[in-house]
Amino acid sequence: MIDNISWLAVYPEIILMVMGCVIVLADLGVSSFRRTGTYVLTMLTLAVVAIMQAMYAANGNTVYGWSNMVVSDAMGNWLKCFATLSMMVALVYARPYSADRGMLRHGGELFSLAIFSLLGIFIMISSNHLLVLYLGLELLTLSSYAMVALRRDHEASVEAAMKYFVLGAMASGFLLYGMSMIYGATGTLDIGEIFKVIDAGETKPQILVFGLVFLVAGLAFKLGAVPFHMWIPDVYHGAPTSITLILGSAPKLAAFAVVMRLLVDGLLPLAADWQQMLAFMAIASLLIGNLVGVVQTNLKRMLAYSTISHMGFLLLGLMSGVVNGEVDTGTAQTAYSAAMFYVVTYVLTALPAFGIILLLAREGFESEEIADLAGLNQRSPLYAAIMTICMFSLAGIPPLVGFYAKLSVLEALVATGSSFNIALAVFAVLMSLIGAFYYLRVVKVMYFDKPLTAGPIVAPMDVRSVLSFNGLLVLILGIFPGGLMGLCADAIVRALTS
């Protein structure tokens with residue numbers, strides 16, 4: 001018999017599962033209801049789930065359920081709340097673009113797939129068991145494959161979906177193989193029990209290390225870190241821009257949570273091993289992401305390489321929680337809260353950046369090249385200002401929130417006192433200076449180049465309102481970052497001490 005606490009831990013997931021099925025069934029109904037009705041149902045569902053998760057997170061309790069296979073804690077609940085809000089904003093931006101390109105001809109396909117991908121994100125964030133984590137991952141990735149191929153008459157989208165599927169299947173195989181070796185070495189799939197067994201030294205070290213390597217490889221693919229980054233530029237470029245927006249936002253929060261659950265909660269005694277791997281991937285991601293991003297002329301590919309470089313920064317935060325193979329509680333809390341703050345602010349900034357691309361696109365024209373933004377300030381000073389805020393924030397220019405995100409990660413690195421970590425901080429700053437070039441190039445094109453067209457930019461009221469608020473939030477959180485920083489720090493402290 002399942003107790004009430006077990007149900008409490010998964011109420012939001014149950015709501016998403018039920019409403020996802022309801023939206024699929026509603027899509028079979030009256031054609032006039034499909035587009036508007038399924039959209040309204042989706043947004044109402046996401047709003048209810050976001051409120052529930054915020055209430056759970058504010059409560060601050062840690063609840064284990066379903067035989068310890070799932071966990072509901074402050075960190076996970078806030079991440080799920082942010083992921084839900086991110087999906088809501090993404091769907092607001094995506095709806096006009098998707099309708100113009102026939103992706104809503106049957107109504108609810110996009111919305112049901114978005115619900116199921118968010119359900120996969122929730123399961124990944126809540127997982128305290130390797131098989132539960134893998135089930136959530138597969139639900140997310142299968143939904144993502146289908147969304148990338150949703151524009152079935154577009155050759156580039158179908159090609160991107162095939163590439164994503166093949167490389168994603170390989171990464172899932174890495175992850176599953178690593179999990180099987182971890183199970184072989186420890187005799188358990190429970191993440192908490194894995195920590196206890198390894199900490200007690202009751203393992204087979206050779207199998208454990210091999211399992212760790214495959215596990216980190218699978219995680220690196222989901223993060224989009226070098227050398228497992230190959231899919232990001234092609235998928236971001238080939239997928240419909242509305243789907244690129246979804247792929248580049250909420251799933252990043254799930255990837256961060258999975259790294260925390262596996263490496264910190266489960267494999268912390270092996271920190272000396274995985275810290276070195278994270279350091280290598282961080283250096284390579286910062287180097288490749290920024291250097292290759294400089295030569296891009298396609299805006300979506302530029303943002304794809306930008307994502308790779310930002311994941312390098314995130315990895316720096318995650319690896320700085322361990323010093324010389326030893327874990328210090330204060331250092332770990334500072335580092336992981338900085339990493340959480342970084343990934344949340346990155347998603348917050350990426351949303352309006354892709355939203356502007358979607359806004360400028362029209363039927364028969366994608367507005368994907370940097371040159372397509374020429375003279376945007378003359379056509380709409382508001383949208384040019386929002387895009388400028390996004391670019392400056394991604395570049396790490398004060399007083400925007402991206403600056404404080406980078407600063408918090410660099411402070412966590414330097415606070416370790418390790419000469420290697422201090423050198424990494426200097427390297428990260430140099431790479432950020434290189435990366436600032438391609439962000440500033442976008443601003444230059446918007447303000448100093450002549451517009452390609454003098455036509456007005458027409459946007460629905462909901463898109464215009466959400467986009468303006470989203471851009472303003474990036475600025476406000478840059479001026480007053482303490483609230484979100486404190487929230488992340490409190491969530492991490494509760495997660496590490498539970």
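Which residue lies over the face of Tyr 39? In this predicted model, the residue is Arg 95, at 4.2 Å from the ring centre.

**View 1. Arginines over tyrosine rings.** Besides Arg 95 over Tyr 39, take a look at Arg 101, whose charged end sits over the ring of Tyr 97, 3.9 Å from its centre.

**View 2. Phe 214 and its ring partners.** Here the rings of Phe 174 and Phe 214 have centres 5.9 Å apart and planes at 55°, so they make a tilted pair. Phe 174 belongs to helix H6 (residues 155–186) and Phe 214 to helix H8 (residues 205–223), 40 residues apart. Tyr 177 also pairs with Phe 214: with centres 4.8 Å apart and planes at 85°, this pair is edge-to-face. Tyr 177 lies in helix H6, so its pair with Phe 214 in helix H8 ties together parts 37 residues apart in sequence. Phe 174 is partly exposed at 27% relative accessibility, Phe 214 is partly exposed at 25%, and Tyr 177 is partly exposed at 44%.

**View 3. An aromatic cluster.** Tyr 145, Tyr 164, Phe 165, Phe 221 and Trp 231 come together as one cluster.

**View 4. Lys 80, a buried lysine.** Lys 80 is found in helix H3 (residues 74–100). Its relative accessible area is 1%, so Lys 80 counts as buried. Beyond its sequence neighbours within four places, Lys 80 contacts Glu 13, Gln 53, Phe 122, Ile 125 and Ser 126.

**View 5. Met 391 in the largest nonpolar core.** This core holds 178 residues, and Met 391 is among those touching the most other members. Helix H14 (residues 329–360) contributes the most, with 22 residues. Leaving out residues up to four places away in sequence, Met 391 touches Met 302, Leu 303, Ala 353, Tyr 439, Val 442 and Val 443.

How values were computed. Residues numbered from 1 in each chain as written. Predicted model: local features only at pLDDT ≥ 70, side-chain atom pairs only at ≥ 80, totals over all residues. Heavy atoms only, no water. Core = buried A, V, L, I, M, F, W, Y, C linked by side-chain atoms within 4.5 Å. Buried < 20%, exposed > 50% of the residue type's maximum accessible area, 1.4 Å probe, protein only. Helix = DSSP H or I, 4+ residues; strand = E, 2+ residues; numbered from the N terminus. Contact = heavy atoms within 4.5 Å. Phe/Tyr/Trp six-rings, centres within 6.5 Å; stacked < 30°, edge-to-face > 60°. Lys NZ or Arg CZ within 6 Å of the ring centre and 35° of its normal.
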